[in-house]
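I opened my notebook to look up how this chain is put together. My entries follow in the order I made them.

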Amino acid sequence: MNRYRKMPMQRRILWTFVLLVLLILTVIITMLTAKTIGDENRRYSAILQQACDQIDARLESIMGDIRYTSSTYLLGSNIADYMANDFYAGRKEYVETLRNLRSNTLSVRINPNISSITYLTDTGALYSGAGYNTEYLAYMSQIAQQLRQSGEKYLVTPAYETTINQQSVTTVTYAFRVASPYTLKPVGCGFINVDIKRLAQSFSVLSVGETVGAFAMQNGRSYFSASETASAIAAQTLPYEDEIRETSPFEFHAKSGGESYLCVARWNSELSVSIVSYVPMAIISSQAMNGILLYLFTVVLMLAVFVVLSYFMAAHVTKPIRVLQDGMRQVEHGCLAPITEQVDRPDDMGDLIRGFNNMLTRLKQSILREYESRDMERKAQIELLQNQINPHFLYNALNLITSIGELEDVPEIPQIATSLADLFRYNISGAQTVALSEEIAQIERYIAIQKLCMAGNLHAEYHVTEAAGCRRVLKFLLQPLVENSLVHGVGKSVKDGLIVIDARVTAEDRLLISVHDNGVGIPPETLARLQERCAQDAYNRKDESIGLLNVHFRLRAAYGDGDDYGLQIESVEGEGTTIRFCLPPEE
């Protein structure tokens with residue numbers, strides 16, 4: 001499993017296709033094999049049934065012909081009268097009777113299926129065209145007794161071995177009752193011996209070569225076939241005799257000599273025998289194997305086609321993946337070159353590659369911005385270190401000026417010096433954020449100094465709620481805005497200056513701050529340029545002005561790029577300027 005997971009995607013897809021196809025083809029081969037074997041079994045079963053049917057029809061024809069022959073010769077002669085008189089009707093008639101009996105027993109052999117005929121009266125008188133073999137005649141007497149007891153008109157004996165006309169033969173006897181044509185009283189029995197060779201020929205009527213064998217079976221013994229296979233199958237058929245009589249044809253399997261056989265049996269009522277035809281299962285399997293080999297050849301060909309198609313399909317599917325992997329490896333080694341292959345694909349892989357290139361572009365832009373930000377931060381730290389000397393020196397000098405002003409009794413000097421000292425102390429403190437109340441106090445000091453420096457009256461109003469004063473804000477957030485109002489607004493106006501600082505907390509827990517002045521306002525073109533710069537993404541070092549933009553981008557950097565957290569500048573030329581901004585809820 002681990003080895004499979006470490007495979008390249010192309011090989012994994014290829015092996016997945018191959019295994020899937022092999023699984024499907026295995027199922028198909030199994031089904032086709034079972035179907036082929038089943039078809040061959042059914043085909044040979046039909047052949048065996050056909051053989052049994054033809055043998056049965058032939059036997060019925062032979063026995064029907066024998067019955068017709070016996071009836072014809074009996075009706076055409078005085079055999080019944082002779083038998084009624086025990087073959088004796090006076091000396092003169094006796095010779096004629098013998099002549100007619102001899103003629104009858106010889107002429108009946110015109111039928112090629114009949115070998116001999118014998119007559120036996122109920123009183124024991126006998127005339128036999130089969131010779132006077134004691135064993136044979138005793139068997140005929142036994143059959144006659146069986147007919148008399150059963151009341152049947154005829155029966156067919158099982159095949160048996162005997163001597164007829166001084167020849168040892170195996171025969172089947174057709175025994176029938178003979179009755180007087182006048183009184184219809186039974187007078188004896190006739191026995192027609194059937195030529196066993198003619199019956200044996202019936203078991204080879206089907207021209208199927210050596211693949212199919214047939215024999216007759218009675219009481220577990222085979223007839224009309226001398227093979228050991230027939231004898232072995234006949235012995236195994238004995239338990240099925242009742243089923244064969246009730247269900248014809250009857251199919252079963254048997255074994256002989258370590259080989260299995262498919263057998264079909266049919267009951268023949270004329271001879272009271274089971275006709276059995278059989279074929280080796282090896283023949284059926286051989287025929288089925290030929291079909292299976294054809295299927296296997298087709299399957300192997302299909303598998304080869306599937307493998308080739310799977311290879312090209314896997315290559316087509318995995319090529320953009322390999323291209324994407326190469327691009328990612330280059331990124332791992334620090335090369336941010338975009339992918340140039342497979343970019344024009346209209347499918348999902350093309351979208352992935354194009355998305356990867358877009359990601360690289362954004363990554364390079366982000367790295368560039370990060371580099372510029374770190375460069376600016378480094379320079380700012382250097383400048384801060386360089387400028388720390390001047391605030392400390394100025395702070396100490398202002399303390400000295402304050403002492404001199406108090407000694408010389410000039411109150412304005414200590415006031416200015418103290419405010420400047422507080423400003424510088426606030427400047428050099430290390431905190432990044434302060435409470436809004438501290439920032440407002442810093443603005444008060446700054447405006448106090450400006451009042452002494454500016455001509456005309458300058459008023460400042462502070463509308464800061466208690467909740468707003470407790471909120472923390474960025475240090476030096478308001479001083480650049482107030483300075484901008486003094487320098488560019490109120491300082492250029494001829495009327496008294498007014499600066500209003502408003503701060504409150506909204507229901508959404510946001511801090512709203514605004515700085516308003518009644519100065520000269522901002523010209524429309526300058527206002528449009530400022531608003532355009534505020535809509536851009538980053539601070540540009542070429543923006544020399546302007547404290548406004550510095551505050552704007554500090555807000556964006558600290559609280560996010562949303563428009564809610566930048567400066568909103570409103571100004572009417574000749575009337576004044578209002579700057580608003582919003583801070584998010586405190587965490």
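I began with contacts (heavy atoms within 4.5 Å). In the protein, 59% of the contacts with a separation of 6 or more link residues 24 or more positions apart. I noted that this is a predicted model, in which local features need pLDDT of at least 70 and side-chain atom pairs count only at pLDDT 80 or more, while totals for chains, interfaces and linings use all residues. Residues are numbered from 1 along each chain as its sequence is written, and side-chain values use heavy atoms, with hydrogens and water left out.

**Overview.** I listed 17 helices and 18 strands in the protein. Both are DSSP runs numbered from the N terminus: helices are H or I with at least four residues, strands are E with at least two. I then looked up burial. Buried means under 20% relative accessible area, exposed over 50%, and partly exposed in between, with a 1.4 Å probe and protein chains only. Of the 587 residues, 38% count as buried.

**Cores.** A nonpolar core is a set of buried Ala, Val, Leu, Ile, Met, Phe, Trp, Tyr and Cys residues joined through side-chain atoms within 4.5 Å. Which residues have the most contacts inside the largest core? I found Ile 66, Phe 87, Leu 199, Phe 203 and Leu 271, in a core of 45 residues. Helix 2 (residues 9–75) gives the most to this core, with nine residues. I followed Leu 271 further. Leaving aside neighbours within four places in sequence, Leu 271 touches Leu 59, Met 63, Val 156, Val 172, Leu 199 and Gln 218. A second, separate core has 35 residues, including Val 551, Phe 553, Leu 567 and Ile 579.

**Leu 567.** I found Leu 567 in the loop between helix 17 and strand 17 (568–572). Is Leu 567 buried or exposed? Its relative accessibility is 8%, so Leu 567 counts as buried. The C-alpha atoms of Leu 567 and Val 551 are separated by 7.9 Å, and the two are 16 residues apart along the chain. Beyond four places in sequence, the contacts of Leu 567 include Leu 481, Leu 548, Val 551 and Ile 579.

**Helices 16 and 17.** I checked the axes, which are lines fitted to C-alpha atoms, for helices over the stretch in contact; angles run from 0 to 180 degrees between N-to-C directions. The axes of helix 16 (residues 524–534) and helix 17 (residues 547–559) come within 10 Å and cross at roughly 25 degrees. The two helices are therefore roughly parallel to each other. Angles under 35 degrees count as roughly parallel, over 145 as roughly antiparallel, 65 to 115 as roughly perpendicular and the rest as oblique. Leu 530, Arg 533 and Cys 534 of helix 16 meet Leu 548, Leu 549, His 552, Phe 553 and Arg 556 of helix 17.

**Helices 13 and 15.** The axes of helix 13 (residues 436–453) and helix 15 (residues 479–488) come within 10 Å and cross at roughly 25 degrees. That makes helix 13 roughly parallel to helix 15. Among the residues in this contact are Ile 443 and Tyr 446 of helix 13 and Val 482 and Leu 486 of helix 15.

**Loops.** Most residues other than glycine have a negative phi. I looked up two with a positive value. Phi of Phe 476 is near 60 degrees, and Phe 476 lies in the loop between strand 14 (472–474) and helix 15. Phi of Asp 509 is near 70 degrees. Asp 509 sits in the loop between strand 15 (497–505) and strand 16 (511–517). Asp 509 is partly exposed, with a relative accessible area of 33%.
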